[in-house]
Amino acid sequence: MESTPSGMNDGFQFSNASSGQSSTSINTISTIQVECSSDDRYECVSQVHSPRQIRERSTSSFSLIRKPLPPTASPPIPPPQASAEAPLLSSSSRSKHQIISTRGSNWNWELGALVLSFSALATLVAILVYVDDRPLDQWNSTLSLNTLVSGLGAVSRTSLGFVISSCLGQVKWNWFKKRPDNLIAFDRFDDASRGPWGSLWLIIWLRASHWVTIGAIVTIILMGFEPFLQAVISFSGRKNASFDSSRTQLGRCETIDIGLYNSHGSSATMGIPLPPTNITITVEPYRFLPDLGIISSFNDGFYGSNSSKHTTSFACPTANCTWPIFTSLAVCSACNDLTSRLQRYEEYGTNLGTLSRNVERMTGNFTTYSLRGFNLTNLDSRILSSTESDVLFSLYAYLIATRFTDPRSTLSFQHLDTMITAVAVLKAEAGYGTGDLMWNETSVSATECALYFCVNAYESIVEKGFLSERILASWAERGLGSYHDVKGREEFEAYDRWNNNSLYSELGDFRRTDLELFIPQESTKDYNLPRNVTRRFRLTQNTVGSTVRFVNQQLLTPEMTWPPGDDSAVISPVAKALYQSESLSATFEKVAWSVSNWMREVSNATNPGVGQEWVTHIHVEWPYLILPLLTSILGLLFSMWSILETRRLHLDPWKTDMIATLTLSVDAETRAQLRHADRNGYLEKAVKNMTVAFEDSGCGLELRTKQS
């Protein structure tokens, strides 16, 4: 039987040498030997032997004999072969393989996919840089940010995965072209090109010791590509400046004029000699009427049941506001512990206590605690009475206090020339008042506190509708020549020295200029105050005179005790507040805070602030971007190396083309051995023991068995 395949210049005939019968069936062949000459007119002889014919009989042999054509005749065109067993022969053993894979016959699709992958990733990074730390409401795209990130990540991942798959598929051809290796390697590489599971086994098989494993690693890491990108975006809320902050206001005080303090208007005057000079100055009797607001603020400071400080009024429409550091007129407080200056002595006598009744004689040992002639004395006994009425009229003093109007009369505020008042307090420890201690076993503390006009620097903030303020610094610098006689009399200087620059004039007064306070220039740098901060402040004579007179004549008295005993003239509610106070320093600080806030409220000056709104911000967690970036870089390196290696080996980019695999796979001899192993059940063992190489046998590239 003769057959002439399309495109061949030679005719071939399969014949049986012994019987003369033709046959086209070669299903039982075990070994095929082909000899080809390089001449145009050549003869190929194929000897086909079955396994049994080799060992037992040689009576039958098959020969493939070239039948030359006439020189002038054209090659005959074979008729169409309907049989599935018709031979599939190419036009030339050295013709180029025609790639029909959807991945193309070159690297254009892969290079385009790399560009697409990195473009998507670069776009993603650019978007992340743009949105980082921006308010969420500024993202006006139809797509949500998470959707866009997920979409770009998917494009980048799938494009890169496509390239890695093609390159891993190509590596199997490159691998056998460079070296003979076990046939199982072909399966490992082909399996790795199909997904993470095969890539994992390739890594294990190569023991991660070859650059090819980079592609397998990238294939596996790509599974975490998008989850990491999703974790890049987070949202957090914080306060942003409101666009409308015009209504954000907070009170402050630069100048204050309250109360009434003036002359009686009568012709009555008083001359005051000013020793050691011979100067006598004439003063007028002055009357005062304190502002009801300042009375209330002092009382609230001393008697208020709430231990926390009251805040001043403010306007904050957004419930969250901030203000730059600002300065304001205020009242400050200071307290010093003078317990170490106390003197203690004992004396036997009658009615020597701080509280005594002429109708009741108390004789015995008395212990006295003295501070520069200011004494707290009690009989050495234990208090037995415990009811409120018993305590109120008790002859045992728990506390004694006195006020000073002259700074020079104090022990620790002698140079305080803006002082409103100073209070010295001797106070027994709590155990004496409860009857747990004898008087001579009781310890006594001595404290001196002062209230004075000052200037405060504030740091203010409103959070969730609650104002929180902190005093950064305080100054009590009195302006030179301020609170002076308006007539400019020379003898006023002598009077001021005689009165120790006190703001309190008990015997009379005269018209004065405003009291001016200022902040030293160097302090603006020391405390980082704004350049435009107010540094000079004024209090009118009405304010100073009425406030100082009220505090020292109505609120406080020269001597205050608790309990008051039976002498109604020395009863002072302030004394009770001082005794019940757990911290005198905190009590006076509360008074100063209360008065200062009221001064800011009655003033017309305001401090504009910045309203803040709670805004959700986009935050980029940049560390989560490391994995996608590293994966893309490794994928690029692996892909470019695979492409360059393919060109260096002069191989076509067959990649994962199955037609190429069918065309360029094992030679007939190797295929026959594999089929025989499969029929006999030891295919796996045969594959593991079979070494092949990708060689050109003269009829085209194919995987051929190498003898070990």
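Strands count as paired here if DSSP finds at least two bridges between them. Strand β8, residues 249-251, is joined to β14 by two bridges, and Gln249 has Ala315 of β14 as its bridge partner.

A quick word on what we're looking at. This is a predicted model, in which local features need pLDDT of at least 70 and side-chain atom pairs count only at pLDDT 80 or more, while totals for chains, interfaces and linings use all residues. Residues are numbered from 1 along each chain as its sequence is written, and side-chain values use heavy atoms, leaving out hydrogens and water.

The protein has 19 helices and 31 strands. Those are DSSP runs numbered from the N terminus: helices are H or I with at least four residues, strands are E with at least two. Of the 708 residues, 45% are buried, meaning under 20% relative accessible area with a 1.4 Å probe, protein chains only.

Now, another pair of strands. β10 (residues 260-263) and β13 (residues 286-289) are antiparallel over four bridges, and Ser263 is partnered with Tyr286 of β13.

On to helices. α3 (residues 145-178) and α6 (residues 213-221) pack at about 145°, with axes 10 Å apart. Axes are lines fitted to C-alpha atoms, for helices over the stretch in contact, and angles run from 0 to 180 degrees between N-to-C directions. On the α3 side, the contact (heavy atoms within 4.5 Å) uses Leu160, Ile164 and Leu168. On the α6 side we find Gly215, Ala216, Val218 and Thr219.

Finally, the inside. A nonpolar core is a set of buried Ala, Val, Leu, Ile, Met, Phe, Trp, Tyr and Cys residues joined through side-chain atoms within 4.5 Å. The largest one has 77 residues, and Phe298 and Leu329 are among those touching the most other members. Beyond its neighbours within four places in sequence, Phe298 is in contact with residues including Leu451, Phe550 and Val595. Apart from that core lies another, of 56 residues, including Leu152 and Ile643.

Note on methods
Buried means under 20% relative accessible area, exposed over 50%, partly exposed in between (1.4 Å probe, protein chains only).
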